[in-house]
Each structure stands twice: as C-alpha cells, then as structure tokens.
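Take a look at the structure below. The paragraphs after it lead through a few of its features, one at a time.

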Amino acid sequence: MVKGAMASFAEPVLSTSLCTCPCRRKPLILPLSLAYSSLRLVSDPKPLFRSGLGRVSVKRRFLTAVARAESDQLGDDDNSKGIDRIHHDLQNVEDKQKKASQLKKRVVFGIGIGLPVGCVVLAGGWVFTVALAASVFIGSREYFELVSSRGIAKGMTPPPRYVSRVCSVVCALMPLLTLYFGNIDILVTSAAFVVAIALLVQRGSPRFAQLSSTMFGLFYCGYLPCFWVKLRCGLAAPALNTGIGRTWPILFGGQAHWTVGLVATLISFSGVIATDTFAFLGGKAFGRTPLTSISPKKTWEGTFVGLVGCIAITILLSKSLSWPQSLFSSIAFGFLNFFGSVFGDLTESMIKRDAGVKDSGSLIPGHGGILDRVDSYIFTGALAYSFIKTSLRLYGV
C-alpha cells in the first residue's frame, strides 16, 4: 500500500519535472491534500532501507519528493510556504510519537518501580529502612548537585564538595539510626553543629549561603524522610479491624503484621499516587488557570481534581482496611496527604527552576532522578505521622 501511494505520487512529479510544453510557464499547484493524505499513509517512522549514511525514513523521502515537486511548479514564495507547512505537519507527527513513547516509558518504569516498593512497604523493618536509606543517599547527592549547579551558583556560593559528600552520608544514616534509637533529635543537632563548624573554618571566606543550603539539605533530604520510618515501623499497634489481617499467612506474621503503621503507610502512598495521577489527568482535560509560576504546567483545575481523587482514594481504602474508623478522620488524612504531595512537588520544582534544569537526574528512564519521583513523599510522611500521633485517639483503631 505504501509503495503504491509513493508510485502514484511520483508519476505526476516526474511528468511535471520533464515537461517542456508552454504549460510549464503557468504554475501548477501541487494539491497539499494529496501531500497530507500520502503523509498519513507513510507515517510509519520505521525505516524501510539502509543507505550509506544510515537509516532513511519514508517520511523524509516523501518530504524530499514534495519539496522537489514544489520547487519545479511554484514560485519561490509559494514554494517556501508549502515546504514550511509540510515541515510543520511532519514535526507535529514526530512530536506526538515522541510524547507517546515517553508516556509508555513512564508507565512501564512506573509499574516496574511500584511493585517492588509495595513489597518493601509490606516487609517493613530493616528491609524498608535500608531501602529508604539508599533512596535518601541518592536523593541527597542529587540535591547537592543541584545546589552546586551553574544556575544556582550564579547567585550563591555552593558548599565545598567534601561537605556535600559528608552530608549525603549523614542523611543516609538518619533512617537507620531512627529505626535503631527511635529518636534522633540529638544526633541530628550534633551533626548539623559539626557541619556548621566545618563550613566556618574552611579556607577562603565562608558564606551564609553555604550554611543555609547545607542545613536545608540535612533537613530536606535526611530528617524529613525519617518520619516514614517512624510511621511504618514505629506505630506498631495492631489494626484489629482490618479484614485482610485475619487471612494473612502466619508465615508472614499473621494478623499482627498488619499494624497501624503499615495501613497508614499504604494509604499515604496511595494518596500521593492518586494526587499526581488525578492532577495530571485533570490538568490535561480541564486545565486553564496556572497554579504558580514555579511550575507553569500545573493548574488550579488539575490541582482540584487531584484533591478530589486523593480524598476519594483515601476514603475507599479506609473503608476497605477499616482504618481510621471515623469518616472525618479519613477526609482529614486524605487532605494532609494531598497537601504534603503538592507542597513537596512545588518545593523540588523551585530548586530545579533555580538550578536551570528539568530533572534532578537521569537514574530512572522517563522519570528523571530519585528526587523527581519522591519529592511528593518528603513532607507527606511527617504530616501523616504527626496527624496520627496528635489527632487520632488510640491511633484511629
């Protein structure tokens, strides 16, 4: 079918190019509808043959044929306009194919990451904490790379390399120490004090920007993620009303394995995912009003859809897992998950915007770096843990 379309198109091009009759003087306009219809017929981007210079796609060959035909038949102005239109149409097709490929890659890697993460959350204990510590180490390295990037460094002096590396190690140790000691406030304060001294006694002239970016890195990349350890492993009260606990295999801990911490972590993770997903879909469908200049693609309409989706998923899972018992508590818990997700996303977007980069890294194909994937979770753990500890009587059981 493709060869037939190309052959039928080639005949008028050749006959026009070789024609010497007086009609040649009159511009014979090549119908662009024929060009666009033929372009759709050969829109397959896979190359049909190889040349000495590499792969040549059918669309590129077709575009060359159209350009030559237009050059023979039209004047210079009309010729350039026709070619520009064909180039624009071809570019739109390629952009759509690129976006579809990126979306497919994001979905595949998202599922590939989500399943292991779910297993890690179910396992809890040291498995959960070590996995979190590894993510914290990579994320803290990405953060200090962003701080040291050319975009941010124009307005401030980044911390020395050795300080950023030491801080990355300290951040990675925080979740492990949280699981072992339970409370690391004194350890975090001591680490911050030592890092501050190292910055103050360094060679050259110390800057406040170095101190502030380093202290924020310890708080943002190290201290805040520790609340997920407190939430998942610290709230060990059994969720007695959870139906799935009654049928959970004794080999994997039985009903005692389903604690308030596990249920709350699963609901929080699901709420963050629901916020991102529904906000994206809502923004695509209804997005009109920009939310903030920090992230121009986010809209108020998409954010509202994300809020509704997060609360709906939270209520649904709360009813399924029978935690928390109160509907009002479920709605409040869903709202906090939504707020933490959006605030964390915007915070990381602000850092990347100042750094002048699109992604924090390239570790995950189609997603960027670790910070790009976990930014919505950084503040959410602290909000969820604080809400359960201070606002839910008997931890919501």
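A residue counts as buried when its relative accessible area is under 20%, as exposed when that area is over 50%, and as partly exposed in between. Keep these cut-offs in mind for the walk ahead. The model is a predicted one.

Start in helix α14, which spans residues 327-355. Glu348 forms a salt bridge with Lys352. The closest N and O atoms of this pair are 3.6 Å apart. Both residues lie in helix α14. They are 4 residues apart, about one turn of the helix.

In total, the structure holds 5 salt bridges.

Stay with helix α14 for another of them. Lys298 forms a salt bridge with Asp345, with the closest N and O atoms 3.3 Å apart. Lys298 lies in the loop between α12 (260-286) and α13, while Asp345 sits in helix α14, so the pair ties together parts that are 47 residues apart in sequence. Asp345 is buried, at 15%.

Now move to helix α5, residues 125-147. Here Arg141 forms a salt bridge with Glu145. Their closest N and O atoms are 3.7 Å apart. Arg141 is partly exposed, with a relative accessible area of 21%. Glu145 is partly exposed as well, at 36%. The pair also belongs to a wider set of contacts. Arg141, Glu145 and Arg161 are linked in a network of salt bridges.

Helix α5 has a part in another feature, a nonpolar patch. Which helices each supply at least two residues of this patch? They are α5 and α7, the latter running over residues 161-181. Helix α7 gives the most to the patch, with 5 residues. Leu177 has its place in helix α7. Its relative accessible area is 31%, which makes Leu177 partly exposed.

Finish at the loop between α13 (300-321) and α14. Two backbone details stand out for a look here. Where is the cis peptide bond? The bond from Trp323 to Pro324 is cis, with omega near -15 degrees. Pro324 is found in this loop. The other detail concerns Ser322, which lies in the loop between α13 and α14. Ser322 has a positive phi of about 55 degrees, although this residue is not a glycine. Ser322 is partly exposed, with a relative accessible area of 25%.

Notes:
Residues numbered from 1 in each chain as written. Predicted model: local features only at pLDDT ≥ 70, side-chain atom pairs only at ≥ 80, totals over all residues. Heavy atoms only, no water. Buried < 20%, exposed > 50% of the residue type's maximum accessible area, 1.4 Å probe, protein only. Salt bridge = Lys/Arg side-chain N within 4 Å of Asp/Glu carboxyl O.
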